[in-house]
Amino acid sequence: MTPSAEAPAPAARFPVGLTIAVVVAFLILIGLGTWQLQRLAWKQDLLTRIAALQAAPARPLSAVLDGLAAGGEGDFIRVTADCPGLPRAPFVELYTVRDGQAGVRIISACRTTDPRHPAILVDRGFVGDTVSARPPADPADRTPFRVTGVLRKPAPGNTFTPPDTARLWYTRNLPTMAKALGAPAPAPLVLMAETPTNPEW
């Protein structure tokens with residue numbers, strides 16, 4: 001008997017599926033890298049714009065609100081506003097964390113002369129949770145007070161944000177805050193005060 005011939009080895013198959021997966025992953029990485037570079041350029045431009053606006057001379061609040069009505073921007077613009085009685089104005093508290101410390105931000109309403117937005121909410125500053133004292137409140141106080149600060153658009157909450165309560169807010173929900181303070185139709189911006197409203201406190 002003669003030995004049978006060995007069967008030919010099967011031809012190696014080209015890994016089509018693996019190749020497609022590698023190409024798709026490569027294209028995704030290229031896209032992510034491009035997006036990151038574009039985002040970096042956008043962020044640098046935004047930071048430059050913010051620095052310029054915050055360093056600019058303060059404008060009257062009424063002029064900026066007029067500009068908003070005409071479709072202008074208000075975010076990060078420094079303004080001055082006359083807010084009689086602000087140091088003793090009623091306030092609501094917004095939960096926040098600053099530099100790793102939990103606390104609240106004191107939010108009061110300031111009346112404006114704008115018929116479209118007769119009030120704007122003023123963020124008067126941060127109070128750590130280790131401090132139990134609060135500024136005195138006297139709604140009848142109308143002592144003249146001028147505040148300088150930066151206008152900011154309120155950031156929306158997300159799915160992890162707790163619901164606001166009558167005692168404590170977790171988002172800058174301007175309509176509900178203003179309603180609690182008896183100030184309807186607030187401006188769609190928050191005035192982040194640079195001027196201390198209660199330096200003695």
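Two strands pair if DSSP finds at least two bridges between them, and the strands themselves (E, at least two residues), like the helices (H or I, at least four), are DSSP runs numbered from the N terminus. The model on your screen is predicted, so local features need pLDDT of at least 70 and side-chain atom pairs count only at pLDDT 80 or more, while totals for chains, interfaces and linings use all residues. Residues are numbered from 1 along each chain as its sequence is written, and side-chain values use heavy atoms, with hydrogens and water left out.

Begin by selecting the open sheet of seven strands, whose order is E1-E2-E6-E7-E5-E4-E3 with mixed pairing. At its edges stand strand E1 (59–60) and strand E3 (92–98), each with a single partner strand, so one side of each is left without a neighbour in the sheet.

Next, select strand E6 (residues 146–152), which is largely enclosed by the rest of the structure because five of its seven residues are buried (under 20% relative accessible area, with a 1.4 Å probe and protein chains only). Strand E2 (residues 78–82) pairs with E6 in the antiparallel sense over five bridges, and there Arg 78 has Val 150 as its bridge partner.

Move on to strand E7 (residues 186–193), which runs antiparallel to E6 and is joined to it by four bridges; here Arg 152 is partnered by Val 190. Strand E5 (residues 119–128) is joined to E7 by four bridges as well, but these two run parallel, and Asp 123 stands opposite Met 192 in E7.

Finally, select Leu 191, whose contacts (heavy atoms within 4.5 Å) include Val 79, Ile 120, Val 147 and Leu 151.

Terms used
Buried means under 20% relative accessible area, exposed over 50%, partly exposed in between (1.4 Å probe, protein chains only). Lists of a residue's contacts leave out its neighbours within four places in sequence.
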